Every structure is written in C-alpha cells, then in structure tokens.
Amino acid sequence: MNVMQTEALTINFGGLKAVDEVDFAIGDEVIGLIGPNGSGKTTFLNLVSGIYKPTGGKIVFEQRDITGAGPDVVRQKGIARTFQTNRLCLNLSVMDNILLGLYSRQKATWWQAILQPARCRREMARDIDDGLAILHHFNPALVARAYEPVTAIPLIDRRRIEIARAIVGRPRLLLLDEPTAGLNAEETGQIIGDIGRIRQQDHRISMIIIEHDMAVISSICQRVVVLNAGRKIADDCFGEVCKNEQVRRAYLGG
Ligand SMILES: Nc1ncnc2c1ncn2[C@@H]1O[C@H](COP(=O)(O)OP(=O)(O)OP(=O)(O)O)[C@@H](O)[C@H]1O
C-alpha cells in the first residue's frame, strides 16, 4: 500500500513548469530523487511538505487527500522534512532545536500550562527524553552537549540535529533534501550510516532523499526517481536508472 502518492502534480512559476504532471508513489521504502540542477527536486519536496500549493494535480497521504494543506497540517499528519541549507536556530540550544520538532505533538494549551503545571512538566520531560534518545542514537557525545548553543556544534552534528528534529515526532514519511551537502567523504559515510540505522530501528519511516552523490543514492535507496525539466523521466532501481538513455542524456545535456 502506498504511504504517499502524487497524481499529475504540477506547479507553474509564471511560464515555467517547475514540476510538470508528476506521478509518484512511495510505499515502505527509501526513494532517491535525482536529476540535474533545476530539474524540480526541491520544488517537489516543497509541494509534498505544503510549502508550495500546487497549480494542478493531487497529493494523497495515507489514503487521504492532502492537496493544498499547509506545512503545519502536513507535519501534523506525519510528513517531516529537512532543508538543503541549515535551518537550525543557531542561538538556541541543541535540545531547544529538537523540541521545535515536537510543537505539533504538544497537547497542552497556555491555560493548561497555568492550571496544570504538573501535566505540562510530564509532557516536557517525555519530549526531552525522546530528544536525548535520538541524540544518543546519532552520536552519544551529543547528549552531553544538548544544552549548548548550536553555534558551538560542528557541521556534521548540525546535520544530525536537523534530522533528529525531523524524526523526533515519529513521522511516517521523512523528506531529506541533500542531507550530506557540505560534508566530506568520511562525514558523508557517517550520515548514511545514521540514516540506515533510523530505518533499521523504525521500519515505519519511509524516506525520499534528494542527493547529488550517487554513492549515497546507490547505498541507501531501494528505488530512484529521476526528474528532468520538471518531468519524471525514470522510476526504477539504481542499476536500471544508470542504464536509461533518457537519464544519461539529461545528465550529459545531450
Ligand atoms: N519560488 C520560485 N519562484 C520561481 N521559480 C522557482 C521557485 N522555486 C523554484 N523555482 C525554479 O524552479 C526550477 C526548479 O527548481 P528546484 O530548486 O526545484 O530544482 P532542483 O532540482 O532542486 O535543483 P538543485 O539540484 O540545483 O537544487 C528552477 O528553474 C528554479 O529556478
């Protein structure tokens, strides 16, 4: 059964069709979303995560039509994401950044915070425990640094914190936009390992990963979808996609 699917998903920016009638489906798996620069990959994630409203087509998540829902609603329903460029709040602590990922799960209202402080403290303690467990999973050394500002943390761990913030609310679908951007080969290997372990621990998380590094795509994705000029031109396993003439032409500009 599909976790999420799009039907003829389209968005125009003026005369440009950045995403053009894309049919896409993801089940319980990790899909790599690739394509040349400007082919529409990030725009596709922006549509699925509710940042952009489509000009046409449909987005269905867990059998419900979520077309046009805003980012907060999409997040609440179980789709989380990271961004190509770092979106952490640099002057907040590691833990505060992770807790931001849970705002949609928190049930206490401001008046409950006043009238039922014990209940709110319990909810907060549970959220902090969840955050610490995820930090430990990524890098045990980060647990001791949980209350340091993010500015004091190296880039690879900031990437981990971004992923931690996305998964702490236990999403069903995780969208990762270039999770290894700016990292060296060794650090890239570590992030791939981290992402693989998320799947080992929680098989319910499906993932769409945008990546330019084909070694990353081939090592963690069961399937690869290729976009070119906003259109889907291939949808297959990595080996078959590499042999696809249309894909080769798109990358070589032929
Ligand atoms: N908000 C916007 N307004 C106008 N044009 C946009 C907007 N967002 C994206 N585009 C255009 O849509 C096209 C697809 O952009 P997008 O960022 O999705 O490509 P991409 O495949 O993610 O590229 P890259 O690999 O370089 O990140 C580009 O031509 C881009 O300039």
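This briefing covers the ligand site, the cavity, a pocket and the salt bridges of one structure. The model is predicted. Around the ligand there are 14 residues. The protein buries 63% of the 640 Å² that the ligand exposes when taken alone. A search of the whole structure finds one cavity of 30 Å³ or more and 16 salt bridges.

**Ligand shell**

- G38, G40, K41, T42 and T43 come nearest to the ligand, out of the 14 residues around it.
- Sorted by class, the shell holds eight polar, five nonpolar and one charged residues.

- K41 places a polar side-chain atom 2.7 Å from an oxygen atom of the ligand.
- For H212, an N or O atom of the side chain is 3.1 Å from a ligand oxygen atom.
- N37 has a side-chain N or O atom at 3.2 Å from an oxygen atom of the ligand.
- On its own, the ligand would expose 640 Å², and the protein buries 63% of that area.
- Two elements give two or more residues to the shell: strand β2 (16–26) and helix α1 (41–48).
- Of the elements, α1 gives the most, with three residues.

**Largest cavity**

- The volume of the largest cavity is about 30 Å³.
- The lining divides into eight nonpolar, two polar and one charged residues.
- Rolling a probe the size of a water molecule over the atoms is what shows where such empty space is left.

**Second largest pocket**

- This pocket has a volume of about 240 Å³.
- It is lined by 12 residues, of which I134, I167, R170, Q201 and D202 are the closest to its centre.
- Helices α5 (117–138) and α8 (185–201) each supply at least two residues of the lining.
- The largest share comes from α5, with four residues.
- By class, the lining of this pocket has six nonpolar, four charged and two polar residues.

**Salt bridges**

- Side chains of opposite charge can pair when their charged atoms come close.
- The search of the whole structure finds 16 salt bridges.
- One of them joins R159 and E162, with the closest N and O atoms 3.7 Å apart.
- Both R159 and E162 sit in helix α7 (residues 155–167).
- R159 and E162 are three residues apart, about one turn of the helix.

How values were computed: Residues are numbered from 1 along each chain as its sequence is written. This is a predicted model: local features need pLDDT of at least 70, side-chain atom pairs count only at pLDDT 80 or more; totals for chains, interfaces and linings use all residues. Side-chain values use heavy atoms; hydrogens and water are left out. A residue is near a molecule or strand if one of its heavy atoms lies within 4 Å of it. A polar contact is a pair of N or O atoms within 3.5 Å; within protein, one must be able to donate a hydrogen and the other to accept it, and residues adjacent in sequence count only if both atoms are side-chain atoms. Accessible areas come from the Shrake-Rupley method with a 1.4 Å probe; for residues, only the protein chains shown count as cover. Ala, Val, Leu, Ile, Met, Phe, Trp, Tyr, Cys and Pro count as nonpolar, Asp, Glu, Lys and Arg as charged, and the others, Gly among them, as polar. On a 1 Å grid over the protein atoms alone, a cavity is a set of points where a 1.4 Å probe fits but cannot get out, and a pocket is an open set with protein on both sides within 12 Å along at least five of seven lines; lining residues have an atom within 4 Å of a point. Grid points are joined across faces, edges and corners, and a volume is the space filled by probe spheres set on the points. A salt bridge is a side-chain nitrogen of Lys or Arg within 4 Å of a carboxyl oxygen of Asp or Glu.
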